[in-house]
Amino acid sequence: MQAIKITIGSQFLFDKQLAIVDNRVMKSKAKSEAKAEITMTCADCEVRCQRFGTHRNGLRRFRCPSCKKTYTEPHHQTLGEMYVSEEKVLLALQLLIEGNSIRSTMRITGLDGNTITKALILAGERCEKVMSRLIVNVPVKDVECDEIWGYVQKKEAHKFPFEANDKNIGDAYCFVAIERHSKLVLNFALGRRDTATTQIFIEGLRTATSPSQRFQITTDGFQPYRAAICDTLSDRITGFAQLIKVYGQPVEGEARYSPAEVVDTEVVPVFGDPESDRICTSIVERQNLTIRMQMRRLTRLTNAFSKKWDNLWSAYCLHFAYYNFCRTHKTLRITPAMEAGITDHVWGLKELLV
């Protein structure tokens, strides 16, 4: 009886060892097949290379047994130029879109500040191309225009005399045109608050709007709008009016940064026959608040600001493209691009940057 138990136990151990051996053989075979699939061929010797460790970024390396030349398996470049993982880049850009600063994004993602800035610039270039390609000949009904102030490096009053003519330092105004009903940002331009920037801005607005549907336009009291709109959009608009705000006198003891009180508004018809109930700039002014809340470099009374003009432009491009195509508007319950009939679904950030 004892011998039978030993025989049965021995058979069990033998079967177990045989299964282990078979498992090892299968794993070795699979591993060798995998190696054969990922191997590389030397471009000079045309000899199959052997595994030779890994690159510092984790990718596998190979070495030619003849000439000893080493190769690394193909890299996946995020945004076409970056070797950082796509997940980290998208997270960094999402944080910037939601109002984080560069330094806070560095702490959250672990990425270097220069890497985050490079991702912002590359994303801004892609967003600029998307906007220029898709927001063209859009039928609109009511358009509102306004400017939002910012600065690069330092405020205009703080510039040294030798920086007086440097256009890349100081005030940077962003001109914004938005459709009142779809909330779609039609065009924007970054520059000085002067006639030249206004003309460029209005010419871009002409490209964005459809020639087959006339619309009404409203701006603030900035004088260069008059000539630019009347010369460029006279065949597109049914009416053009300026809504001028009248501010009250400062109250004694009022804090330095307290906003002035608006005591009255004055409507000035400029061209055509604008309808009084459609003269409004509330939507574009609300967009200005959104910009200041979602772009850290434009938040008032903080130490966040843009050091380079290109960085500020890229931040604007990313913000407006995300606002148009990715962000669901609370009142519309869809994105502005969907409301305007440009797209049929909510875009993700990855789809926007492809």
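This report describes selected strands, a helix, cysteines and loop residues of a predicted model.

## Basis of the description

Because the model is predicted, local features need a pLDDT of at least 70 and side-chain atom pairs count only at pLDDT 80 or more, while totals for chains, interfaces and linings use all residues. Residues are numbered from 1 along each chain as its sequence is written, and side-chain values use heavy atoms, with hydrogens and water left out.

Helices (H or I, at least four residues) and strands (E, at least two) are DSSP runs, numbered from the N terminus, and two strands pair if DSSP finds at least two bridges between them. Strand β7 (residues 215–219) contains Thr 218, and β7 runs parallel to strand β8 (residues 237–247), to which 5 bridges join it. Together with helix α6 (residues 224–232), β7 and β8 make a right-handed β-α-β unit; right-handed here means that, with the strands pointing away from the viewer, the path from the first strand over the helix to the second runs clockwise. With strand β9 (residues 262–272), β8 pairs in the antiparallel sense over 9 bridges, and Ile 244 stands opposite Glu 266 in β9.

Thr 218 has Ala 241 as its bridge partner in β8. The relative accessible area of Thr 218 is 1%, so this residue is buried, where buried means under 20%, exposed over 50%, and partly exposed in between (1.4 Å probe, protein chains only). Leaving aside residues up to four places away in sequence, Thr 218 touches Val 143, Glu 144, Cys 145, Ala 241, Leu 243, Arg 278, Ile 279, Cys 280 and Thr 281, a contact being heavy atoms within 4.5 Å.

## The sheet β1-β2-β3

An open sheet is formed by 3 strands in the order β1-β2-β3, with antiparallel pairing. Its edge strands are β1 (50–54) and β3 (70–72), each of which pairs on one side only. Between β1 and strand β2 (residues 60–63) there are 3 bridges, and Thr 54 stands opposite Arg 60 in β2.

## Helix α2

Helix α2 (residues 86–97) has 12 residues, which at 1.5 Å a residue should span 16 Å, and the end C-alpha atoms are 16 Å apart, in agreement; the expected span is 1.5 Å times one less than the number of residues. The buried residues of α2 are Val 89, Ala 92, Leu 93, Leu 95, Leu 96 and Ile 97, and what covers them includes α3 (102–109), α4 (113–134), α7 (282–294), α8 (309–325) and α10 (349–353). After α2 comes Gly 99, whose phi is positive, near 100°.

## Cysteines

With a disulfide defined as a pair of cysteine sulfur atoms within 2.5 Å, the count comes to 0 disulfides. For Cys 127, the closest cysteine sulfur is that of Cys 317, at 7.2 Å, which is too far for a bond. Cys 127 is buried, its relative accessible area being 0%, and Cys 145 also counts as buried, at 0% relative accessibility.

## Loop residues with positive phi

Most residues other than glycine have a negative phi. Leu 301, which is not a glycine, has a positive phi of about 60°; this residue lies in the loop between α7 and α8 and counts as exposed, at 64% relative accessibility. Arg 333, in the loop between α8 and α9 (336–339), has a positive phi near 65° and is exposed, with a relative accessible area of 73%.
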